[in-house]
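Subject: Structure handover

Hi,

Here is the structure I promised you. Please open it alongside this email; my notes follow below.

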Amino acid sequence: MPSPLHCKPLRVGLLGFGVVGSGTCAVLSGNRATITARAGCAIDLTHVATRTPERARAAGAAGVVLTDDPLALARHPDIDVVVEAMGGTDLARRCVLAAIAAGKHVVTANKALLAQHGEEVFAAAQAQGVSVAFEGAVAVSIPIVKALREGLVANEIEWLAGIVNGTSNYVLTQMRDEGRSYAQALGEAQALGYAEADPSLDVDGGDAAHKLALLAAMAFGGAPRLADVHVEGIRHLQACDFGHAARLGHTVKLLAVARREGEQIQLRVHPALVPSAALLARVDGSMNGILVKGNAAGVTMYCGAGAGSRETASAVVADLVDIARALRGGGSPRQIPALGFHHEVQPVRTAAPLEALRLPQYLRVPLADAGAARQVREVLAAHGITPVQQDESPQALALLTSETEEWRAAGAVQDLARQPCVAAPPTRLRVEALA
Ligand SMILES: NC(=O)c1ccc[n+]([C@@H]2O[C@H](COP(=O)([O-])OP(=O)(O)OC[C@H]3O[C@@H](n4cnc5c(N)ncnc54)[C@H](OP(=O)(O)O)[C@@H]3O)[C@@H](O)[C@H]2O)c1
């Protein structure tokens, strides 16, 4: 076996020198000897596309060719793998497709791109016999794509549930532990750099939906199905919900859930009560955590950082090493196993309608007067809903119900909102036992 130093290096072109791009550069150079030994060849960053070349130079990307033309980089004949770290879906899509058409492998951390255009991108990659690897796109440094592709390959996946957005998890943790309002917690997250100036994608659940679409494609086969994901965010939560939830033995998390029900699949992102003793209840701050239930492995859990430069680079470089090893072992790119979705698995095709969902519910009903709690219970009984646990204060009645159909719970909340005994619109959250 020739020494790694005598093998042809893998030549990498990087699109974007922001958080992820600069981290990739730093990890490749900082861990160069180890990466070379493990990959079986050197992995050389040779080209970078950025509109701010001075930042790349200052960060030590000296010696690489800098350009402001990402499309030209994507097609450059002296590059083997293109790492897309620009973000966005328009230019990134054009660059990725151009790189694939030019016969290059692609590594990307861009969940929005793959959730929206994954089918097109992976079809193009398959036709060209190249790989599109995306470990950094879901849950940053957690090797969840690898776990689903390799470690759990023998399993039928029954369900997965995750906390996959670090920003919203930070906000919810501050609301629970420090009694902050939503606005205060979000302001702190922005001051610490955990949240963007426009936090919509994080707090309204869109980012988690992108990641869930990718996870579900890995778990159940087929292309990402973003349009099938039911999405609710966390803006309407109040600090008091965390107090009620705690007294009822639960905490509130923004969950991304994919569950197989026969030939249908449920895809949903929404805040939910989870039991305080559950593993996911302890994934706090900006951390991410994912539970996967396989029919052979049972439940496995994966946990790690929810954002970060070197953290995401860890996953990006792992994908580069996979490609280097495959190229070294296999010769022709056509022989490299596609690192995309499980095309070989017959996908579950139908989206389960949300109305079919049947889960326990948390209801918080603001009370207008002293006798209101009894009237609220009567209204619920008229809808066939029985509380199994209650936490009552002069201001509000909070309760957990037994398993209740989605339509029934929604109807009861609408009815309650019209009652004079109810001081403000009730809050309803689903309860996930994670079992
Ligand atoms: N940040 C994280 O923790 C994290 C974690 C996982 C995944 N991701 C994903 O990784 C991707 C990159 O995120 P990021 O946080 O690194 O973003 P970022 O810090 O904003 O970096 C993006 C980079 O792309 C460059 N760029 C944008 N348009 C360009 C163009 N037309 N030509 C040349 N360069 C261009 C920007 O250059 P300028 O500075 O010149 O504008 C910037 O350097 C996104 O898809 C994101 O969702 C990020």
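This is a predicted model: local features need pLDDT of at least 70, side-chain atom pairs count only at pLDDT 80 or more; totals for chains, interfaces and linings use all residues.

Ala139 sits in the loop between strand 6 (132-133) and helix 7 (144-151). Its phi is near 60°, a positive value in a residue other than glycine.

Val140 is found in the loop between strand 6 and helix 7 as well. Phi of Val140 is near 50°, again positive in a residue other than glycine. Val140 is buried too, with 25 other C-beta atoms within 10 Å.

Next, helix 5 and its surroundings.

Helix 5 covers residues 90-101, and helix 6 covers residues 111-128. The two pack at an angle of about 10°. Their axes are 9 Å apart. That angle makes helix 5 roughly parallel to helix 6, since anything under 35 degrees gets that description.

Which residues make the contact? From helix 5 come Ala92, Arg93, Val96, Leu97, Ile100 and Ala101. From helix 6 come Leu113, His117, Val121, Ala124, Ala125 and Gln128. By type, the residues of this contact are nine nonpolar, two polar and one charged.

The length of helix 5 checks out. Its twelve residues, at 1.5 Å a residue, should span 16 Å. The end C-alpha atoms are 17 Å apart, which agrees.

Which residues of helix 5 are buried? They are Ala92, Cys95, Val96, Ala99 and Ile100. These cover an arc of only 135° around the axis, so they lie on the same side of helix 5. What covers the buried residues of helix 5 includes strand 1 (10-15), helix 4 (70-75), strand 4 (81-84), strand 5 (105-108) and helix 6. Just after helix 5, Gly103 takes a positive phi of about 80°.

Thr108 lies in strand 5. Is Thr108 buried or exposed? It is buried, because 28 other C-beta atoms lie within 10 Å. Leaving out residues up to four places away in sequence, Thr108 touches Glu84, Val96, Leu113, Leu114, Val132, Phe134 and Ala137. Val96 also belongs to the helix 5 side of the contact with helix 6, and Leu113 to the helix 6 side. Asp198 is another matter: 90 residues along the chain from Thr108, with 23 Å between the C-alpha atoms.

Leu28 is found in helix 1 (residues 19-30). Leu28 is buried, with 22 other C-beta atoms within 10 Å. Residues up to four places away in sequence aside, Leu28 touches Ile35, Ile43, Leu45 and Val317. How many residues separate Leu28 and Ala313 in sequence? The answer is 285, yet the two are 8.6 Å apart in space, C-alpha to C-alpha.

Ile35 takes us to helix 2 (residues 32-39), where the buried residues are Ile35, Thr36 and Ala39. They cover an arc of only 100° around the axis, which puts them on the same side of helix 2. On the other side, Ala33 and Thr34 are exposed.

Best wishes

Notes. Residues are numbered from 1 along each chain as its sequence is written. Axes are lines fitted to C-alpha atoms, for helices over the stretch in contact, and angles run from 0 to 180 degrees between N-to-C directions. Helices (H or I, at least four residues) and strands (E, at least two) are DSSP runs, numbered from the N terminus. Angles under 35 degrees count as roughly parallel, over 145 as roughly antiparallel, 65 to 115 as roughly perpendicular and the rest as oblique. Two residues are in contact if their C-beta atoms, placed from the backbone, lie within 7 Å. Ala, Val, Leu, Ile, Met, Phe, Trp, Tyr, Cys and Pro count as nonpolar, Asp, Glu, Lys and Arg as charged, and the others, Gly among them, as polar. The expected span of a helix is 1.5 Å times one less than its number of residues. A residue is buried if 20 or more other C-beta atoms lie within 10 Å of its own, exposed if 12 or fewer, and partly exposed in between; C-beta atoms are placed from the backbone. The arc is that of the directions from the helix axis to the C-beta atoms.
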